[in-house]
Every structure is written in C-alpha cells, then in structure tokens.
Amino acid sequence: MCAAALMAMSAQAKVRLPHLIGDHMVLQQNTEARLWGWDKPGKRVKVTPSWGKESYTAKTGDDGKWMVKVKTPAASYTEYDITFDDGDALTIHGVVCGEVWVCAGQSNMEMPVRGFGNCPVEGYNLAVTDAVNSKGVHFVKIPSVMSMTPLDDADCQWKVCNPNTVGEASATGYFFARLLSRTLDIPVGLVMANKGGTRVESWLTRDNLQRYTQETLDSLEMVKRFEWDYHRPLLWGNGTFNPILNYTVKGILFYQGCSNVGDPGNQYSERLALLVKQWREQFALGNIPFYFVQIAPYYYDDDVNGISGALLREQQFRAAQIIPNSAIVCTNDLAYPWETQQIHPCQKQPVGERLAFQALNKTYGMKSIMCESPSFKDMTIKEDTCFVHLQNDYDGISRYEDIQGFEVAGDDHVFHKANAYYYWTKGIIITCPEVKKPVAVRYCFRNFQLGNVANQALLPLFPFRTDQW
C-alpha cells in the first residue's frame, strides 16, 4: 500500500515536500540549508526563496528524490516565502531564519510544558501567560514511530509558540529556546525527535548495533525480549529520528539515561559516544554541539539508598569527557524531597536554562556566563579528616556551614553520613565520628540523595566517589 501511494504521488506533476519543510519552519541562519523532496523521475525542481534574487535547481533521480542547498541570511524575525516549482508551483509561508536545535532523548525531554498525567511541570501557568513574548520560538514534534527500516518523512507541523501552543512543546526544550531566543534576540527552532522510555540502543543504526552490541535485530525476538516497545533497539531511530537527518541544524540537546540504569561497566558512556558520532555523521554538518542532561535523583530498583542510578550518572559524566564538543548539566538539586518516586521531576525550567547557559557560553561565545557545575578535583586525608577540593567553582561555593550529602568510609567499605563545612584556604573539610581512619568519600552517590553544595554560579556539585568499590 505504501509503495502504491508513493507511485501515485510520483505520478502527479506537483512537487512533494517532507512535512518537516513547511509553513513557519526555522532555517539555520548563515549557512547552506538543505531543502528536499520528491517528484517524478527526471523532473527539474526550481527553488526560489523570497530573501534574495537567487534560485536553485535540482533534478530528481530515478527514485524521484531531489535536494538543494540554499544560502540563508542572518537571523531575523522577518518572515519569508519559499517557492518550489516543477511547472506547478508550491509555496510555503512564514519561514524565518535563526538557530535550530534538536531535542532528543526519552520522556524527560519529551515531557511537554503542560506535563504528563500525575507529572506536573512547575510554573506551567506562568509559562503560558508569558508565551506571548516567545513568538521567536518555533517547534515541530516528530511523531514517535517505530520502523524496521529508516523512514524519510514524518507527519508533523511547525508551530509558533504562543499561549495556546506552548503547552505542547518539550518543557526542557522550550525553556532552553526561550532563554536563547531572548538573549540573542533571534528566532530559535526546536525539532523534537524523542520517545519516552527509550534506551541509547533504541536510536543506534542497524550497522552500529551489529558491530558494537549483541542486541537482537529480529523483530519477533525483539517482541519476546522486550515487553515494552520503547526498550526495543533500532526501531525508534529508524522511525522517529531518521526523518530529520536532512534538516540543517545547529546542535543537539539530549536528556536520556533512565532506561539504561543497570548497564555494566563503561557500556553506557561508550554507546552514548557511539550514538553522538553516528548522529554527527548522519547530519553531515561537522562536529555539531551535543549538550546533555545528567539523570535526576530517583529511587531506582525501589531503593532510595541504592547506587545503580549513581553509577549511570557517573557514566554520563564520563561521556562528557570522551565526547568532543559536548557538555553535561547536573540536576542533583532539581528533585524535591517528596519526588523519590517521580521519574519526571517537575523542575524543568532550570534544566532547559542550564542547557542554554552551556550553549550561550560555548556555542555563542558569551564567556561571561558561568555554565559549569563544580566537580571533584582531588582529596587529601590527614588523620581523621578529609579535605576535598573542587574544580569549576568560579572562586567560591554556596555555603560554609551545614553542608549535606557527604559520606565517609574506612577500610570496611561501610559509608556513614559525614559532617562537612567549608573554609576557603582548605576546601571542604569532612569528618565522621564513626570513621576514625577514612579512606574514601562520596557525595550524593546514591539513587536519591540531595546535597546542597553549589559553586559561585549556584550550579550544583556533580555527585562523585573517590573509591571504585
């Protein structure tokens, strides 16, 4: 049926565009943006943007596909038209040029501004009433579709943010785009290609899965092995991500990891690095930025004090060290004490804004923005006292007293809650009455443990451990 439909469409004279190319889309500024579609084999398609006098022509191949690269102007709120003409003209309207970012990952990226059932987003009403000021933010949601083979199109439509539409946008993505748009005073487009519950393997190609994993690629075996379809490998990348790969984007935002909790060793960080490499090659836009989110506190395995979630966070932190042109934001402070069983914490605005801090500093050159969370640098032990020093503290931390989140262990490997305070010449000073000869320190290295250490920018300290037990 699909083949028959495609043949019927190709028999028509009028050029056909993917849904991603349509009214109100955002094109990446100051670049050669790709535009593509389908027509009868051997047809010539003329593409004429209204921002200049130049036209571009492509000839369809035997498969009916065509593509052109058009030079885009600098970002502005000016709306343009683009005409596609093969003898029967088709024009799209309301096109703007700005910065285009992909919102990828699982449900914490997919979670809309209006929230999910029993999962609210903090500040929803204020976001709605404020959205009248966010007309520079446009977004398109790619339907979450599975496919055994890569799809070229997705049934989607660009929308302009306003009080009536903002609730549909990814909350993390929207708060990122809102801050970026207002700071740079340009349009920002979000391409939301994500699916709740997916693993890293859900987005890898068949070739990468065959070469680097032992994942089953037989559809019947997938159904037998994975009760939940969102855990299945390959399918979501084929169906939900592949349709956007021709689009010209600036970078990728990623919030995922919950479904990979429990992965052994360095498997997660290595496969995430593989996924980023794959996406960069598929987009063919060079080493585009990749900014991602460390998973928030949650009672994985129904155990607040377990460490399976902490081990995944450690892998995410490692991934940021091995993936070029990447950065990670910490969310250890973005769960409330009563959210131990809430896989979708309600504080999404700070998540999006911290991603924006990374982009503004590293991609757009605003070096005055402090974008890094502090992380462990080194530790010394003198008798019963541990002295911990941090990096990326921007010359200060948030408090001197009542520091929470540290634990200390001796040779018995048993961790006890520690007392900690800060002195600027010595670092964080940690002691524990139960441990007279400490050998290891951990900070918030549990599934759900909230600390209160932050740097001069009030960005939270990454969870860490000094042991490898």
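**Close-up 1. Helices H8 and H9.** The axes of helix H8 (residues 267–283) and H9 come within 8 Å and cross at roughly 40 degrees. The model is predicted: local features need pLDDT of at least 70, side-chain atom pairs count only at pLDDT 80 or more, and totals for chains, interfaces and linings use all residues. Residues are numbered from 1 along each chain as its sequence is written, and side-chain values use heavy atoms, with hydrogens and water left out. Helices (H or I, at least four residues) and strands (E, at least two) are DSSP runs, numbered from the N terminus. Axes are lines fitted to C-alpha atoms, for helices over the stretch in contact; angles run from 0 to 180 degrees between N-to-C directions. H8 and H9 are therefore oblique to each other (under 35 degrees is roughly parallel, over 145 roughly antiparallel, 65 to 115 roughly perpendicular, the rest oblique). Their crossing is right-handed (near helix turned clockwise from the far one by less than a right angle; anticlockwise is left-handed). From H8, Gln267, Tyr268, Ser269, Glu270, Leu272 and Ala273 meet Leu312, Gln315, Gln316, Arg318, Ala319 and Ile322 in H9 (contact: heavy atoms within 4.5 Å). This contact has 6 nonpolar, 4 polar and 2 charged residues (nonpolar: Ala, Val, Leu, Ile, Met, Phe, Trp, Tyr, Cys and Pro; charged: Asp, Glu, Lys and Arg; polar: the others, Gly among them).

**Close-up 2. Helices H4 and H10.** Helix H4 (residues 171–184) packs on helix H10 (residues 349–363) at about 45 degrees, with axes 7 Å apart. H4 and H10 are therefore oblique. Their crossing is right-handed. H4 contributes, among others, Phe175, Phe176, Leu179 and Leu180 to the contact, and H10 residues including Val351, Leu355, Phe357 and Leu360. By class, the contact of H4 with H10 has 11 nonpolar, 4 polar and 2 charged residues.

**Close-up 3. The second largest pocket.** This pocket has a volume of about 360 Å³. On a 1 Å grid over the protein atoms alone, a pocket is an open set of points with protein on both sides within 12 Å along at least five of seven lines; a cavity is a set where a 1.4 Å probe fits but cannot get out; lining residues have an atom within 4 Å of a point. Points are joined across faces, edges and corners, and a volume is the space filled by probe spheres set on them. The pocket is lined by 21 residues, with Glu314, Gln315, Phe317, Phe445 and Arg465 nearest its centre. Helix H9 (308–322), strand E14 (375–382) and strand E21 (464–465) each give two or more residues to the lining. H9 gives the most, with 7 residues. The lining divides into 10 nonpolar, 7 polar and 4 charged residues.

**Close-up 4. The largest cavity.** The largest cavity holds about 40 Å³ of space. Its lining includes Asn108, Tyr255, Cys258, Tyr298 and Gln342. That lining has 9 nonpolar, 2 polar and no charged residues.
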